[in-house]
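Look at the structure below.

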Amino acid sequence: MKSAKPYIEKNKQRFLDELIELLKIPSISADSAYKKDVIKTAEAIKKSLEKAGCDTVEICETAGYPIVYGEKIIDKKLPTILVYGHYDVQPPDPLDLWDSPPFEPVIKKTKLHPEGAIFARGSCDDKGQLYMHVKALEYMTSTKQLPCNVKFMIEGEEEVGSKSLGDFVSKNKKKLANDVILISDTGMIAKDVPSITTGLRGLSYVEVEVTGPNRDLHSGLYGGAVANPINILAKMIASLHDKNNHITIPGFYDDVEKLSKKEREKMAEAPFNLKDYEKALDIDAVYGEKGYSTNERNSIRPTLDVNGIWGGYIGEGAKTVIASQAFAKISMRLVPNQDWKKITELFKKHFESIAPEGVRVKVTPHHGGQAYVTPIDSLGYKAAEKAYEETFGKTPIPQRSGGSIPIVALFEKELKSKTILMGFGLDSDAIHSPNEHFGIWNYLKGIETIPQFYHFFTEMSK
Ligand code: BES
Ligand code: MN
Ligand code: MN
């Protein structure tokens, strides 16, 4: 495979312009007000795949948002790569914290991106990263270098738990048959420290509701005499961690995969500077489970976090009131061997059991998924390693990430193939946050590296 660099240099402006057009469509899957835009984005993805050289592209309807499926089969005897990505994005809220509107992409230079970065919701997660695959395909087809078969499966519900994808995958096993799955929806350590994601955490997401009196009460007339659901909820949540920041839910750690001393030592070799990490977040210290390093806390250890909490009066000024109800959304990040359905049950049982008299507690599970780890001696991993060596001039470091793409574990179960996570984002790209961005350098480096993966994977499969 010839280096894609000259082709990228020549087409760079168009590659940026096309991505910018895609980023203008607010494909927010969580908010039904954007339904039309989500569907419009699926159509835009379809067109881009057709233009890039897919032979057939279809929009597959589901109970939720459509899945765009495209393929180019050049020879049944050659290996097949299945590319997965998602065209939906997270809600941009809070809007007032954005320096420029989330769906009006702008290019700005930053300290880490002196070549410029595209600021827009979805620029890195995942429109920008999935579009690298579309442009890599364009390069390979237009220069007649595509070495193997390729299938694309791009969904529109990843950010809300991939509700329809599981069903689609189990019903279309033959259509989706492949030798390796390739995803760019994660990050890398740094621009000069390429890495391949070898692990994703699982997830259990629940919502809790604490109900006290049958109406909001005057906090003077009733204060002190009835349970205040917000006070109670705060207490209950606080009790979910002990003084060492271990999670107190009985049985929570029972199945947690234990890493050997050697594995932990290997992990500690990855470049990491705690002072820089703290500085980037404006915090004076990190915080977490006793006995583990920051990199372990956010990758190989399970966690429990409140993602949102509300109740009572939050308007202007002061209102003296005891709310009838209090709510919170809680996520638990899980590690290999922990079963998300079992953890959800353990949470529910425990949370209900710690409710004091005077309140009622309701736990509603949202969605979840299993963790994923991929070996570093698979053909796919080795091909990815070679691809990075070719374009970065360095061997990439395997790294387990703290994020979740729950569908990956399901791919392995249903399609029996390994997933290679070639992410090109940086932690500082602010995915899910205001001012999300994606470095132009990273975008183009991805387009350059992907064809090399196709090449080495095909060669090594022989
Ligand atoms: N692309 C992210 C996951 C990710 C980002 C993994 C960076 C590793 C590194 C994905 O879009 C995402 O946000 N996933 C959700 C879970 C989903 C079920 C809503 C997450 O991790 O919160
Ligand atoms: Mn993503
Ligand atoms: Mn995301």
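Q: What makes Asp125 a bridge in this predicted model?
A: Asp125 bridges the manganese ion (ligand 2) and the manganese ion (ligand 3). The two ions lie 3.6 Å apart. This is a predicted model, where local features need pLDDT of at least 70, side-chain atom pairs count only at pLDDT 80 or more, and totals for chains, interfaces and linings use all residues. Residues are numbered from 1 along each chain as its sequence is written, chains are lettered from A and ligands numbered from 1 in the order in which they are written, and side-chain values use heavy atoms, with hydrogens and water left out.

Q: How do you know which protein atoms are donors of the manganese ion (ligand 2)?
A: Use the distance rule. Donors are N, O and S atoms within 2.8 Å of the metal (3.2 Å for Na, K and Ca); water is not among the atoms, so sites may look incomplete. The protein donors here are His86 (NE2), Asp125 (OD), Asp185 (OD) and Asp185 (OD), at 2.0 to 2.4 Å. Along the chain, the donors follow the spacing H-x38-D-x59-D.

Q: Why is the site of the manganese ion (ligand 2) called irregular?
A: Check the angles. Four donors count as tetrahedral if all angles lie between 85 and 135 degrees; four count as square planar and six as octahedral if opposite donors are over 155 degrees apart and all others between 65 and 115; anything else is irregular. This site has 6 donor atoms, with angles of 57 to 165°.

Q: What parts of the chain does the pair Asp125 and Asp185 tie together?
A: Asp125 lies in the loop between strand 5 (117-119) and helix 3 (127-142). Asp185 lies in the loop between strand 7 (180-183) and strand 8 (195-200). The pair therefore ties together parts that are 60 residues apart in sequence. Helices (H or I, at least four residues) and strands (E, at least two) are DSSP runs, numbered from the N terminus.

Q: What makes the arrangement around the manganese ion (ligand 3) irregular?
A: Its protein donors are Asp125 (OD), Glu159 (OE), Glu159 (OE) and His432 (NE2), lying 2.1 to 2.6 Å from the ion. The 6 donor atoms subtend angles of 55 to 154°, so the arrangement is irregular. The donor residues are spaced D-x33-E-x272-H in sequence.

Q: Where do Asp125 and Glu159 lie?
A: Asp125 is in the loop between strand 5 and helix 3. Glu159 is in the loop between strand 6 (149-155) and helix 4 (165-171). They are 34 residues apart, and the pair links distant parts of the chain.

Q: What makes the bond between Asp125 and Asp126 stand out?
A: The bond is cis, with omega about 0°. Most peptide bonds are trans. Asp126 is placed in the loop between strand 5 and helix 3. The peptide bond from Asp93 to Pro94 is also cis, with omega near -5°. Pro94 lies in the loop between strand 3 (80-86) and strand 4 (106-108).
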